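Biologist: I'd like to learn how to read a model like this one. Could you walk me through it, one feature at a time?

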Amino acid sequence: MKNLQGVISSLKSTKTAIVTVDRMWSHPLYKKSVIRSKKYACDYAADMTLAMGDHVEIQETKPISKTKRFKVVKVLGK
């Protein structure tokens, strides 16, 4: 199972957080470091208190809906 760390970028839906995960990779020809980001729709428990900009850890899980394949495991900080 994948464990990723990212930042919450949207909390508009109920029980769904959009988490942006950044990754750094090296360009094969120019050898320059490039940052790429991807957004994941994540499920979270109702008792969790999340805010925009929180750093969270997400974990891969079975499909919950059409777009949700990850869940928020814990909040790492602001």
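**Reading the model, feature by feature**

Modeller: Start at Met52, which sits in the loop between E3 and E4. Strands (E, at least two residues) and helices (H or I, at least four) are DSSP runs, numbered from the N terminus. This is a predicted model, with residues numbered from 1 along each chain as its sequence is written. Local features need pLDDT of at least 70 and side-chain atom pairs count only at pLDDT 80 or more, while totals for chains, interfaces and linings use all residues; side-chain values use heavy atoms, with hydrogens and water left out.

Biologist: Is Met52 buried, partly exposed or exposed?

Modeller: Buried means under 20% relative accessible area, exposed over 50%, and partly exposed in between (1.4 Å probe, protein chains only). Met52 has 48%, so it counts as partly exposed.

Biologist: How many helices and strands does the chain have?

Modeller: Zero helices and five strands. Along the sequence that reads β-β-β-β-β. The C-alpha atoms fill a box of roughly 45 × 25 × 20 Å along the principal axes, and of the 78 residues, 28% are buried.

Biologist: Which residues have the most contacts inside the largest nonpolar core?

Modeller: Nonpolar side chains tend to be buried together in soluble globular proteins. A nonpolar core is a set of buried Ala, Val, Leu, Ile, Met, Phe, Trp, Tyr and Cys residues joined through side-chain atoms within 4.5 Å. Here the largest one has 13 residues, and those with the most contacts inside it are Val19, Cys42, Leu50, Val56, Ile58 and Val72. E2, E3, E4 and E5 each give two or more residues to this core, with the largest share, three residues, coming from E2.

Biologist: How many salt bridges does the structure hold?

Modeller: Three, where a salt bridge is a side-chain nitrogen of Lys or Arg within 4 Å of a carboxyl oxygen of Asp or Glu. Take Lys68 and Asp43, whose side chains meet at 3.1 Å, N to O. Lys68 is in the loop between strand E4 (55-60) and strand E5 (70-77) and Asp43 is in strand E3 (residues 33-43), so this pair ties together parts 25 residues apart in sequence. Lys68 is buried at 9%, whereas Asp43, at 21%, is partly exposed.

Biologist: Where do Lys78 and Asp54 lie?

Modeller: Their side chains form a salt bridge at 3.5 Å, N to O. Lys78 is in the segment after E5 and Asp54 in the loop between E3 and E4, so the pair links parts 24 residues apart in sequence. Lys78 is exposed at 68%, but Asp54 is buried at 8%.

Biologist: Which strands hold Glu57 and Lys74?

Modeller: That salt bridge spans 3.9 Å, N to O. Glu57 is in strand E4 and Lys74 in strand E5, so it ties together parts 17 residues apart in sequence. Glu57 is buried at 15%, while Lys74 is partly exposed at 43%.

Biologist: And which residues gather in a patch of positive charge on the surface?

Modeller: Lys2, Arg23, Arg36 and Lys38 do. For charged patches, residues need over 30% relative accessible area and no salt bridge, and like charges are joined within 9 Å. Arg23 belongs to strand E2 (residues 16-26), and its relative accessible area of 52% makes it exposed.

Definitions and conventions
Patch = residues over 30% accessible without salt bridge, like charges linked within 9 Å, V, L, I, M, F, W, Y side chains within 5 Å. Areas by Shrake-Rupley, 256 points an atom, 1.4 Å probe, with all protein chains shown as cover. Lys, Arg positive; Asp, Glu negative; His and termini not counted. Charge placed at Lys NZ, Arg CZ, Asp CG, Glu CD.
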